[in-house]
Amino acid sequence: MNAKIYRDAWGIPHLRAGSPDELAYVQGRNVAADRAWQIEVERHRSQGTTAAFLGAEAVGWDRFVRQARLDDTARRCFRSLDASTAVWLTRYVDGVNDSLADGARRAPQFAATGLAPGRWEPWTPLGIWLSAHILFAGFPTKLWREEVAHALGDDAIELFATDGNRTSGSNGWLVTGERTVTGAPLIAGDPHRFIEDPGIYQQIHLCCPEFDVVGLAVPGVPGIAHFAHTGSVAWAITNAMADYQDLYRERLRRRGAEVESLGPQGWRPASAHREIIEVAGGDPVEIEVIETERGPVVIGGVDEATAISLRLPPRVGGDLGFGALPALLRARTVDDVDRALDQWAEPVNVVQAADTAGGLLHRVAGRVPQRHRDNTLRVVPAWEAVYEWHGPHEPLPRETVDGIAVMANQRGLAAPLGVEFAPSHRAERIRSLLEQSATWSAKDIATVHMDTQLASAKPLLELVGRLDGLSAGATLLRDRLVGWDMRMDAESTDATAYADVRSAVVRRIAAHLALQELAERVEAAPYPQLFAPWLAVVPRVAFALEGLLTADALPGIDRPAVVREAVEEVAAAGRTATPWGERHRLAPWQALPDARPEVWQGLSGDHDCVLSTSSVPGLTDLSSRGPAARYVWDLAEREDSLWVVPFGASGIPGDAHHRDQLPLWLRGELVPVITDWNRLTEEGMTSETPARREAVYEQTVDGFGTVRIVPLDPAADVDLIHGWVTEERARFWGMADHTREQVLEIYEYLDSLTTHHAFLVQRDGEPVALFQTYEPDADPVGECYEVQPGDYGIHILIGPADGGTERGFTGEIFRVLIAYVLADPEHRRIIVEPDARNQKAIERMVRAGFELGPEIDKPEKRARLAFFSREPQERRG
């Protein structure tokens, strides 16, 4: 095999091989090395086996996946692949299997959960794709509409129609050469999904004699489906908001040992069998899996009052469209992309593409069945023939690109295929910004990505502006909001004031008598907890608020009175001096249920901004959904293209590239796309696998591993250290807003001193902590307390965030570091000085045996001294 893996400065993998199949194998090996925990979680999610290591909270997902028969559907779709695509997919899986055990050894989550890496099957990538997109079209919304119709009448069925927080959306735009500095097109955008740690998209470069492609891959799936640049053609997608999944109300009965369902042709046999869901720390759960001629029953069952089946194109046709993946890699023109996407099935997307010869493409790709209009709106009766699927798939729209093409999930190109679309604000704002200049370059595009204007605020602000007779505080608040520029910037306190008033309005409308029956119905509805987010009244009101404030569809609600009460409430609370970024923080999803989720401050944007960082008004200002990547494809010169992801290239906690892109993502900066092989480093010589350094101390701890303390190399380790010290959880370290260059400067200076030293702590070869030592007499702390002979100061920062989830992890590290310091007989007492506000660190010191001293005032902080003396240890030992 003549294949190699290279890395750029951001740790992004660049893979080179002699053939497409060999390259697929290397891509599988790489993803297993970089993302072992992530892809194994996704494999188990696709099989419905996550509760076996994640516990009872995962049972709901596992039940749904098994009842929906996702793994069986993946097998069906694999069997329908053409031979060459099946071989290509199988080689990818071979690569995963050959590297997964090694990758798992680097990922501490496996040990924390007791999960052993399993074996992948050739159809596993298809199952992962299905699992990641089964809720993409939002079929649970039909359950909501069903309850709305019963409570408020059929006329209200689309009253709450909007792009809600549970929907996957995106921004995407294509600018033709007439509006760029190079005369060649630009394609840019950002997919909006739940922000996951590690991220859902992996930056990657795939090269063999047949093609050379950079793009955003989905870990666990070969090739690059959605966002890519081959050098001569580039493409990107957004969610078309099409409706292509149906729910049927079933009538089921038992006939002896068999199950039957009532269809248009009468009672017909249904398949039925039982499965066991294993649950970590709990009893196994037995479920019945039933499938009618419409599809698998995903709600209720034969012995329950309600039974609802799910019908979706890949289950019916046995095709996900994966034949498009290798064809896309070989694309040279938009015509090639167009032909490849004719095979595509799910999800249904709007595609934009451009090539270096002037070709342009703007079309919908995917499969949308032809059926009755009611199928798209609500749950329909399975026994009525009018609701059967009929004829070929719906024709897919396309349109000519004239200067600018924008798709942001609004009712546009894909309008004939769907019901609910995003408000037009994002699309209109993007177009407006792009039309302001005819000289766009790739570097300029970040200003569009990061735009924070919130046009959907207008209806509420207009109602606020018409209020009179308010209290003095409410009058001041009204005047602030009327004068606000409608930008949801992190530093804006007016943005916070608006968000508070909006939340107060949402809560009042959601609790109003006009919605009482609806709230009671959804509360009592016999639907699985998995679908609760689609059925919650407060989020539904929150994302439909603009329409609810401008239409008369909810009689009995006095909207001016509701707004008045909200303004008075917020004014009385007096919390509106807080900058938006202190409340609007990123809270990513992690698979481990006991992981302490980190949040990062300083987040700008809001749901309807171009910078779509969604929270749920009325419930929380935290954001768990937003740009899962940003990209700019330059058709003039591919190396002028740019991209960024929320965390980093690696999914391994503590890796130098685990979170090194996060500070840039928060600021709206992008990193360069590198395709020049002379600028890359061959695997084995990168900053993430440095040459083995001589340790100043080494200790093997039974049941924990070998801990080594090695000198820090500022130049080689700066990306790793910068990633650690700029995380929100490291805010007390005092470098949260430092650039990479500033961090490098600090540690280069530290390296020049003879009284201060910096080290990396490694566990079994992986960096796990930053450790610094100093002589108190030569440090500002020496002016704050009476230094004794033999005093020696230390600073400790646990690097990987996941270290805190492994029981005893921090304690073992502390014990080794203390042993190292006290190995020098001249060191009689260890001094630490954590920030006085950092209660967790102080408690950790006490558990490690430190005795608390006084609080002191240093130039940069108020600190709490603590001391660890050698003498008591010697007496005990």
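User: At what angle do H17 and H22 pack, and how far apart are their axes?
Analyst: Helix H17 (residues 493-510) and helix H22 (residues 559-573) pack at an angle of about 130°, and their axes are 8 Å apart. Axes are lines fitted to C-alpha atoms, for helices over the stretch in contact, and angles run from 0 to 180 degrees between N-to-C directions. Helices (H or I, at least four residues) and strands (E, at least two) are DSSP runs, numbered from the N terminus. H17 is therefore oblique to H22; angles under 35 degrees count as roughly parallel, over 145 as roughly antiparallel, 65 to 115 as roughly perpendicular and the rest as oblique.

User: Is this a predicted model, or what is the source?
Analyst: This is a predicted model, where local features need pLDDT of at least 70, side-chain atom pairs count only at pLDDT 80 or more, and totals for chains, interfaces and linings use all residues. Residues are numbered from 1 along each chain as its sequence is written, and side-chain values use heavy atoms, with hydrogens and water left out.

User: Back to H17 and H22. Left-handed or right-handed crossing? And which residues make the contact?
Analyst: H17 passes H22 in a right-handed crossing. A crossing is left-handed if the near helix is turned anticlockwise from the far one by less than a right angle, and right-handed if clockwise. On the H17 side the contact is made by Asp-500, Val-501, Ala-504, Val-505, Arg-507, Arg-508 and Ile-509. H22 contributes Val-562, Val-563, Glu-565, Ala-566, Val-567, Glu-569 and Val-570. Contact means heavy atoms within 4.5 Å.

User: How many of those are nonpolar, polar and charged?
Analyst: The contact of H17 with H22 has 9 nonpolar, no polar and 5 charged residues. Ala, Val, Leu, Ile, Met, Phe, Trp, Tyr, Cys and Pro count as nonpolar, Asp, Glu, Lys and Arg as charged, and the others, Gly among them, as polar.

User: What about H5 and H8, what angle there?
Analyst: Helix H5 (residues 70-79) packs on helix H8 (residues 124-133) at about 130°, with the axes 8 Å apart. That makes H5 oblique to H8, and H5 passes H8 in a right-handed crossing. Leu-70, Thr-73, Ala-74, Cys-77 and Phe-78 in H5 meet Leu-126, Gly-127, Leu-130 and Ser-131 in H8. By class, this contact of H5 with H8 has 6 nonpolar, 3 polar and no charged residues.

User: And H15 with H16, which hand is that crossing?
Analyst: H15 passes H16 in a left-handed crossing. The axes of helix H15 (residues 458-465) and helix H16 (residues 472-482) come within 9 Å and cross at roughly 140°. Leu-461, Val-464 and Gly-465 of H15 make the contact with Arg-478, Leu-481 and Val-482 of H16. The classes for H15 with H16 are 4 nonpolar, 1 polar and 1 charged.

User: Switching to rings. How many aromatic pairs are in the whole structure?
Analyst: A search of the whole structure finds 22 aromatic pairs. Rings of Phe, Tyr and Trp (its six-membered ring) pair if their centres lie within 6.5 Å; planes under 30 degrees apart count as stacked, over 60 as edge-to-face and the rest as tilted. Tyr-6 and Trp-677 form an edge-to-face pair, 5.2 Å centre to centre with 65° between the planes.

User: Where do Tyr-6 and Trp-677 sit? Buried or exposed?
Analyst: Tyr-6 is in strand S1 (residues 4-7), and Trp-677 is in the loop between strand S24 (671-672) and strand S25 (681-682), 671 residues apart. Tyr-6 and Trp-677 are buried. Buried means under 20% relative accessible area, exposed over 50%, partly exposed in between (1.4 Å probe, protein chains only).

User: Which residues are in the ring cluster?
Analyst: Ring pairs link Tyr-201, Phe-227, Tyr-631, Trp-633 and Trp-643 into a cluster.

User: Prolines next. Where is Pro-264, and what is it in contact with?
Analyst: Pro-264 is in the loop between strand S11 (258-263) and strand S12 (266-277). Pro-264 counts as partly exposed at 25% relative accessibility. Leaving aside neighbours within four places in sequence, Pro-264 is in contact with Arg-294, Ala-382, Trp-383, Glu-384, Ala-385 and Glu-388.

User: And Pro-296, buried or exposed?
Analyst: Pro-296 counts as buried, at 1% relative accessibility. Pro-296 lies in the loop between strand S13 (285-291) and strand S14 (297-300). Pro-296 and Pro-381 are 85 residues apart in sequence and 15 Å apart in space, C-alpha to C-alpha.
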